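Hi there,

Here is the structure I promised to pass on.

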Amino acid sequence: MEDNDLYAALLHEMKNNLVLLAMTLDNIPHCGEELHDAPLDAARLLAQRTSERLLQSLLIYKNSQGGVILNAVDAYSTEDFVQELAQHTRSLKGTLTVTAEVDDEVPAIWFFDRNMLEMAMINAVHNSISYARQQIHIRASIRDGMLAISVRDDSDGYPAHILEAVAEDRTLQTSGTGLGLRFARLIARAHQNEGKVGELRLYNENGAVFEIRVP
Amino acid sequence: MIEYKTKTALVIDDYPNMRSAFRTALAAFGLTKVDMAATAAEALGRVKNTRYDIIISDYNLGESRDGQQLLEEMRHLGLIGLETVYLMVTAESLYEKVVAAAELAPDDYLIKPFNADIMRSRLDGILAKKEAFAQTYRNFDRGEMEAALAGCDELMKTQPKYLVDAMRFKGEVLVAMGRFEEASELYNEIVRLRAVPWARLGLARTLHLRNKSGEAERMLEDLVIQYPELIPGHDLLADVQIAQDKYQQAQVSLQRGVSTSGKSILRQRRLGEVAYHNGDLNTAESAFDATVQKGKYSIFLAPNDFANLSRVYIEQGETSDAMRVIQDNRKLLQESDEGKLVSSVMMGLAHSRNGNAAEAERHMKDALKMKQLGAAGKPELLLDMAEGCLKAGLADEAAALVGEVARNAHDSERLLAKAKSIYNDAGKAEVAQDVIKQATEHVVRLSKEGALLAQRGDLISATRQLFQAAKEAPRNPRVLMNAAWVAMRLVEQDPSQSHELAQVRLLLDDAAYLAPDHPRLGGLQTKLRSVEAALGIKSASPRKRTGQLNGR
C-alpha cells in the first residue's frame, strides 16, 4: 500500500512538472531566428511527446485494469475541434503549412469525448510533424455515417508492417508509434453508438493518413 | 477574437509553481488581473470580494475540499453566476470519475499534462459560448423565465453549434418553471439525438417530478448499470425510491454513491437519515460521523448534523459518545442559536438516559430558554426536547413542543408517529392523542375548508382560511404553497385584490426556504411573476434558494 501511495505521489509530481515544463516552453516567444526558434520548437515538441506518452501509457494501463468507459461523451462543435487541433499543430512547428477543412456534409455538432479524442489525434499530429515535408492537412468528413477526423501529411507514408498490423487488428508493439496507435485504437473503439463501434484507420494516399471514425 | 485585456481571473492550485505558470500563461493571453489561491478556503475568500470572469481550479486541492466541491459551494452561496467561466484541471487518472461525479458541471475539463495552447483555445470556446448565452443567462438569473425560454429557442434556431447546449439549458429553465411535461419531451428529444447520461438523468428527474417514480426508477437502474461512476444517478435513484417508500433500496443506492464518492457531506447526511429511518443504526452512525468529519471544511455542515450523530449514539446506548460529540464541538455549536439549542437538548437527553435527572433538567431548561428567545430547531430535535422535558416532569412544555411539531406536520405520518412514541414510552399514550389532536385539529379544518371554498369558487373566503392555516403552520411548505396558489387565483380573477400578492411573496419565500426542491415551487414562483406582470407590477428578484438554516 505504501509503495502504491509513493508511486501515485511521484506520478502526480511528474505530471505537474510536465505541465510546468510545457507552459514554460510555451512562454518563450519565437524571435524569427532559426538558431533560436528551431531548438525551441524541438523542445516544445519533446515536452509534448513526453506528456503524451505518459498519458497514453497510464490510460492503457487503466484499460488493462478494467476497460475505458467514456463518461464525458457530449455534443461538441466539429469545426472548433478541427481548428483547435490545427492551431495546436501550428504552435508545435511553425515552419509547416497546416490546413484545416470541414466537409460541407459534416454536421455542426457531433457526439464524442473531446478530451480523449483530442489526445488520440494529437498523437497522429506528433507523428506527422516528424515525417511531413511541408504540409499537414486536418480534415473532418463523413464516412459510413461516422464522423471521420483525419491527419494527412506529405511524407513517404507508413511502412507496410504498421499498415498491416492495424488493418489486421494485430497487437501493436508497445513502444513509440505502436504505443500511440494502440491508444488511438482504444479510444476509437470506446466510442459506440447504436451498435456501431469507432475505428482507427491508417492508409497511404499522397502521404500518410491517420483517421479515426466515431459513430 | 476574444478580448482578454479586460478579463479577470482566479487561479486555484495548491502547487505554487503551477500557480505562477498559469499566471504567466494568462498574462500572455493579455489578462492583466490574475489572482491566486492555494486552498479552497482562500479561493472562497477571494470570490466573496471580487467578481472574476475566469476561474481555473485544480481538482485536487490537498486535504480539505476538491475543485468540484468548491464549485458547488460557490454556486450555492451565489458567489459565482452562470456567466463565470469555471475550468477544472484534473489528472487523467481521475478524469472519468470526476466527470461522472459532477451534478453541477464546470464549463470544461483540462487533463494534465496539457499546454497553454490547448488552454487558450478552450477558454476561447467557453467565452464565445458565454457571450452567445449572455442575455439568456441574465434573464434566467432575474427570474424572467419566459424571456430565458425564448432565448433558448432563438439559440436553437440560429446557432447550430450550440443546439444541444441550448436544449440542455432550456430543460433547466422548464424545470425551474415547473413545466415538467415539456421538459420531459425536450429531454426525450435529446436522448433521441444521443443517449448521453445527463439527458437521461434529466428525463428521469422530470418523470420523478411528475410522480412517475416507477418509470424513473427503471430508467435510472439501467443508467447506473451502464455508468456505475455516475453519482447523480445514484442520488436521484434514492430520491425516486424514497418517493415510493422503498427505503431499503434507497439506502443501497446511497451506499453505492458514497462508496464511489464519499466526500460529499450532503450525500453522507442523506445516507445517515435513510439508514436511521431503516433502523440501521450502525450505518447511520458511520454516515453521520462522516458528515461531521468531512463537514469540517464544508459550508454545508449544520448544527443539526451533530444532533443526528448524537441521537444515534443515544439510541445505541452510548451516551458518553453522544456527549462527546457535543462537547468536542462546543465552540462551533456556540456560534449559533440553533447550535446552542442542539447542545442543550442532546446533553440533556443523554443525561436523562443515564438517569441523571438533575443535569437533564438543567440542560432542558437551558434549551427551553433558548427556544423562547427564538432559536429554531428541526422537528426531530424539538421532539427530542419534548422527550427530555417529559422525563423531567415538564409536561406542559413537552406538550407545547409536540404541539408545535404536529401543527407544522399534520401531514407527516413519520413525525406524528415519533411524537406518539415519546408519550407511549412515558406510559402516557392517551395524552399523545389529545396533544396531537388539539394541535392539528384547527389547521386541518382550515385547510379542508379553504380547499372546499376554493372549489366552490369563493376565493375570497378560501384565501382567508388558508392564510390563517399558513399562520398556524408556518413551517409546513405544503400549507404555505396551497395558500399562495389560491390567493393568486383570487387576484387573477379579481385584480382589486392585488394587495394579497405581498403575502403570497412572503409565503413562497418561506416555502422556498423550507423546501427548496419541492416540485410545486417553481411553478408557483413562475405563476406569481406572470400574475404580477399582468397587473404591471414589477417583480422582485427571487430570493436565492439557499435552504440554509436559521442562524448560520
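Predicted model: local features only at pLDDT ≥ 70, side-chain atom pairs only at ≥ 80, totals over all residues.

**Where the chains meet**

Across the interface of chain A and chain B, the rule finds 19 residue pairs in polar contact, both residues at pLDDT 80 or more. A polar contact here is a pair of N or O atoms within 3.5 Å; within protein, one must be able to donate a hydrogen and the other to accept it, and residues adjacent in sequence count only if both atoms are side-chain atoms.

Residues are numbered from 1 along each chain as its sequence is written, chains are lettered from A and ligands numbered from 1 in the order in which they are written, and side-chain values use heavy atoms, with hydrogens and water left out.

The contact (heavy atoms within 4.5 Å) takes 44 residues from chain A and 43 residues from chain B. Between them the two chains bury about 3,800 Å², 57% of it on carbon and sulfur atoms; this is the accessible area (1.4 Å probe) lost on putting the two parts together, summed over both. In chain A, the residues that lose the most area to chain B are A:Met23, A:Asn71 and A:Phe111, together 18% of what that side buries.

The rule also finds five salt bridges across this interface, a salt bridge being a side-chain nitrogen of Lys or Arg within 4 Å of a carboxyl oxygen of Asp or Glu. B:Arg168 and A:Asp74 meet in a salt bridge through their side chains, at 3.6 Å from N to O.

**Two residues to look at**

A:Arg44 is in helix H2 of chain A. A:Arg44 counts as buried because its relative accessibility is 9%, and buried means under 20% relative accessible area, with exposed over 50% and partly exposed in between (1.4 Å probe, protein chains only). Beyond its neighbours within four places in sequence, A:Arg44 is in contact with residues including A:Asp26, A:His30 and A:Ser91.

B:Gln69 sits in helix H3 (residues 67-76) of chain B and, at 14%, also counts as buried. A polar atom of the B:Gln69 side chain lies 3.1 Å from the backbone oxygen of B:Lys263.

Best wishes

Key:
Helix = DSSP H or I, 4+ residues; strand = E, 2+ residues; numbered from the N terminus.
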